[in-house]
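Hi everyone, thanks for coming.

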Amino acid sequence: MNQTPSKLLHAIALISVLAVCVALVSQHVFGMRPCAWCVMQRLLYLLIAICCWLGLLLRRWRPAETLATVAAAALGICGVMSAWYQYSVASNMFSCDRTFADQFMVGLGLDAHLPWLFGIFASCADARVKVLGVEYAIWSLILFALLTLAALSALARPRRA
């Protein structure tokens with residue numbers, strides 16, 4: 001399947017937004033309260049989508065498209081690291097209070113201004129939830145890894161004129 005970089009960037013953006021929608025349904029419909037690391041990953045997914053769509057918007061200027069794609073890949077790597085930290089360290093802690101994710105999200109004020117999207121309502125230990133036998137954080141880690149690989153693939157593919 002030969003995908004152009006534009007199609008890959010659009011797919012990455014849509015999948016990232018879909019991931020946030022799934023998280024919101026999990027929270028608001030099924031009562032899965034998010035922790036600081038959960039909402040930070042939501043922010044990363046949204047930033048990946050924004051980078052991809054900016055790359056598409058600016059695709060006539062090749063350096064901007066390349067920079068946006070590199071930024072999306074870098075944010076994907078940040079997502080992998082945050083999901084891994086959530087799974088291996090934070091979920092075993094009594095509280096996420098004062099962790100990087102908590103300080104970052106509270107420092108940006110996103111939890112106060114958009115609580116329905118970025119509100120921190122659980123500790124990392126309480127937010128430990130399994131879906132189909134796999135922890136939510138691992139699902140997120142896998143998705144971030146796939147998005148990163150897709151962004152790197154978009155960088156490697158030739159552009160169509």
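By the ring-pairing rule, the count here is four aromatic pairs. That rule takes rings of Phe, Tyr and Trp (its six-membered ring) as paired if their centres lie within 6.5 Å, with planes under 30 degrees apart called stacked, over 60 edge-to-face and the rest tilted. Please keep in mind that this is a predicted model, where local features need pLDDT of at least 70, side-chain atom pairs count only at pLDDT 80 or more, and totals for chains, interfaces and linings use all residues. Residues are numbered from 1 along each chain as its sequence is written, and side-chain values use heavy atoms, leaving out hydrogens and water.

One of the pairs is tryptophan 37 with tyrosine 85, which is tilted, at 4.7 Å centre to centre and 40 degrees between the planes. This pair links distant parts of the chain, 48 residues apart: tryptophan 37 sits in helix α2 (residues 36-57) and tyrosine 85 in helix α3 (residues 62-88). Helices (H or I, at least four residues) and strands (E, at least two) are DSSP runs, numbered from the N terminus. Tryptophan 37 is buried at 6% relative accessible area, while tyrosine 85 is partly exposed at 30%. Buried means under 20%, exposed over 50%, partly exposed in between (1.4 Å probe, protein chains only).

Now to helix α7. Its buried residues include Leu141, Phe144 and Leu147. The buried residues of α7 pack against α1 (5-28), α2, α3 and β2 (134-135), where contact means heavy atoms within 4.5 Å.
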